Amino acid sequence: MLAMMYSGRALALLLTVVALASGCGGDDGDSGQRIDDILALSGSATAGEDVFMITCGDIVCHGPDGSVGAAPNLPEKIPELSRAEIVDIVVNGFEEMDPLGPDLTDQQIADAIAYVIGEFQ
């Protein structure tokens with residue numbers, strides 16, 4: 001049951017990263033300001049690791065090392081993306097990945113991005 005709860009969020013984060021790797025997320029017009037707000041925050045990679053592991057770190061998504069889940073391989077994709085593209089994917093989702101913007105605070109997203117970039121870029 002717990003795995004199913006985390007797998008949806010993990011899948012959503014994974015798909016967001018895939019969307020960024022492919023170009024862009026589904027910006028709805030209102031998310032542009034939110035993305036700018038998140039980019040202005042200072043993220044904590046330490047706090048972001050917790051967000052990532054809970055939201056994306058299971059085998060259904062990216063897995064704990066970013067490369068073992070069903071989602072795209074983060075060590076391969078993250079270096080190709082700008083920080084803004086990664087934030088857009090996380091906030092808006094992409095393809096099969098649900099948007100995480102409704103589920104995470106701006107600070108949680110900034111923290112997760114700091115972790116992902118530090119860990120996989």
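Student: Which residues form a nonpolar patch on the surface?
Tutor: Ile 59, Val 60 and Val 68 form it, with about 240 Å² of accessible area together. Patch members have over 30% relative accessible area and no salt bridge, and nonpolar side chains (Val, Leu, Ile, Met, Phe, Trp, Tyr) are joined within 5 Å. A salt bridge puts a side-chain nitrogen of Lys or Arg within 4 Å of a carboxyl oxygen of Asp or Glu. Areas come from the Shrake-Rupley method with a 1.4 Å probe, and only the protein chains shown count as cover for residues.

Student: What should I keep in mind about the model?
Tutor: This is a predicted model, where local features need pLDDT of at least 70 and side-chain atom pairs count only at pLDDT 80 or more, while totals for chains, interfaces and linings use all residues. Residues are numbered from 1 along each chain as its sequence is written, and side-chain values use heavy atoms, leaving out hydrogens and water.

Student: Why is Val 60 called partly exposed?
Tutor: Buried means under 20% relative accessible area, exposed over 50%, and partly exposed in between (1.4 Å probe, protein chains only). Val 60 has 36% relative accessibility, so Val 60 counts as partly exposed.

Student: How do you know that Phe 52 is buried?
Tutor: Its relative accessible area is 0%, so Phe 52 is buried. Phe 120, with 6%, is therefore buried as well.

Student: What makes the pair of Phe 52 and Phe 120 tilted?
Tutor: Rings of Phe, Tyr and Trp (its six-membered ring) pair if their centres lie within 6.5 Å; planes under 30 degrees apart count as stacked, over 60 as edge-to-face and the rest as tilted. Here the centres are 5.8 Å apart and the planes stand at 55°, so the pair is tilted. The pair links distant parts of the chain, with Phe 52 in helix H3 and Phe 120 in helix H6, 68 residues apart. Helices (H or I, at least four residues) and strands (E, at least two) are DSSP runs, numbered from the N terminus.

Student: Why is the pair of Tyr 115 and Phe 120 called edge-to-face?
Tutor: The angle between the planes is 80°, with 6.1 Å centre to centre, so the pair falls in the edge-to-face class. Phe 52, Tyr 115 and Phe 120 form one aromatic cluster.

Definitions and conventions. Patches are made of residues with over 30% relative accessible area and no salt bridge: like charges are joined within 9 Å, nonpolar side chains (Val, Leu, Ile, Met, Phe, Trp, Tyr) within 5 Å.
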